[in-house]
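Please keep the sequence and the structure in view while reading.

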Amino acid sequence: MLNRPRLVWLFAGVLLGLATGCGSPSSQATQPDVTQAQVRVPVPGSKMTAGYFTIHNRGLTPLTLTGASSPEALSISLHTTQQTEGTMRMRPLGDLTLAPDEIVRFSQGGRHMMISLMQETPLTAGSDMVINLHFADREDLRVPFRISAL
């Protein structure tokens with residue numbers, strides 16, 4: 001049998017759990033889906049390449065992608081390609097916010113990642129390169145990107 005002080009603490013704990021949504025699916029961050037993740041083999045003699053993927057925000061709140069990194073890269077930056085005065089130009093993308101259930105595609109000729117590889121990083125078609133996607137309001141997401149030939 002529980003004595004009165006223990007019963008009060010037990011009841012307070014249950015109320016606190018309910019108030020904070022502890023254990024409910026809506027209180028847990030829903031991981032975004034990343035599909036079609038690929039990195040191109042660089043042109044011979046170059047240490048620059050591009051990465052593409054599709055990201056789907058399956059959560060109930062906006063999701064902000066702030067950048068990317070990899071142990072195999074000196075740097076990775078998010079870019080977009082825009083036509084300006086008849087010329088295609090690459091521009092830094094900055095943070096990208098996805099609304100709930102929004103799908104955004106990073107593809108050739110549009111949004112993409114520019115990847116500056118380390119000198120000793122050979123990329124072989126068919127292998128994987130791990131890229132960490134960074135978000136403003138959640139933990140990083142570790143994604144294997146398939147290396148594909150030009």
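Leaving aside its neighbours within four places in sequence, which residues is M129 in contact with? The model under discussion is a predicted one. In this model, M129 is in contact with V39, S70, E72, A73, I115, L117, L123, V143, P144, F145 and I147, once neighbours within four places in sequence are set aside. M129 also belongs to the largest nonpolar core, which has 26 residues. Within that core, F53, M113, I115, M129 and I131 touch the most other members.

**The chain as a whole**

Read from the N terminus, the order of elements is α-β-β-β-β-β-β-β-β-β-β. Of the 150 residues in the chain, 34% are buried. The accessible surface amounts to about 9400 Å², and carbon and sulfur atoms supply 56% of that area. Among contacts with a separation of 6 or more, 64% are between residues 24 or more positions apart.

**Strand β9 and its partners**

Six of the eight residues of β9 are buried, so that this strand is mostly covered. β9 pairs with β3 in the antiparallel sense, over four bridges. In this pairing, L65 stands opposite F135 in β9. β9 also pairs with β10, again in the antiparallel sense, here over six bridges. N132 stands opposite R142 in β10. Five residues lie between β9 and β10, and the two strands form a hairpin.

**Salt bridges**

How many salt bridges does the count come to? The count comes to two salt bridges. They are set out below, with the distance between nitrogen and oxygen atoms.

| Pair | N to O distance | Relative accessibility of each residue |
|---|---|---|
| D33 and R58 | 3.4 Å | D33 33%, R58 42% |
| R146 and D128 | 2.8 Å | R146 43%, D128 40% |

In the salt bridge between D33 and R58, the closest N and O atoms are 3.4 Å apart. This pair links distant parts of the chain, since D33 is in strand β1 (residues 33–40) and R58 is in the loop between β2 and β3, 25 residues apart. D33 counts as partly exposed because its relative accessibility is 33%, and R58 is partly exposed because its relative accessible area is 42%.

The side chains of R146 and D128 meet in the other salt bridge, at 2.8 Å from N to O. This pair too links distant parts of the chain: R146 is in strand β10 (residues 141–148) and D128 in strand β9 (residues 128–135), 18 residues apart. R146 has a relative accessibility of 43% and therefore counts as partly exposed; D128, at 40%, is likewise partly exposed. In general, side chains of opposite charge can pair when their charged atoms come close.

Is N57 buried or exposed? N57 counts as buried because its relative accessibility is 3%, which is under the 20% limit for a buried residue. N57 is placed in the loop between β2 (48–56) and β3 (63–69). The side chain of N57 reaches the backbone oxygen of T61 at 3.0 Å. A polar atom of the N57 side chain also lies 3.2 Å from the backbone oxygen of A99. Not counting residues up to four places away in sequence, N57 touches P62, L63, L98, A99, P100, D101 and E102.

T54 is found in strand β2. With a relative accessible area of 11%, T54 is therefore buried. The side chain of T54 joins that of Q36 in a polar contact of 2.9 Å. Beyond its neighbours within four places in sequence, T54 is in contact with D33, V34, T35, Q36, I103, V104 and R105. D33, one of these residues, also forms the salt bridge with R58.

**A residue in strand β4**

T81 is located in strand β4 (residues 73–84). T81 and H112 are 31 residues apart along the chain, and their C-alpha atoms are separated by 8.2 Å. With neighbours within four places in sequence left aside, T81 is in contact with M88, R89, M90, G109, G110 and H112.

How values were computed
Residues numbered from 1 in each chain as written. Predicted model: local features only at pLDDT ≥ 70, side-chain atom pairs only at ≥ 80, totals over all residues. Heavy atoms only, no water. Buried < 20%, exposed > 50% of the residue type's maximum accessible area, 1.4 Å probe, protein only. Contact = heavy atoms within 4.5 Å. Areas by Shrake-Rupley, 256 points an atom, 1.4 Å probe, with all protein chains shown as cover. Polar contact = N/O pair within 3.5 Å; in protein donor to acceptor, adjacent residues only side chain to side chain. Core = buried A, V, L, I, M, F, W, Y, C linked by side-chain atoms within 4.5 Å. Salt bridge = Lys/Arg side-chain N within 4 Å of Asp/Glu carboxyl O. Pairing = 2+ DSSP bridges.
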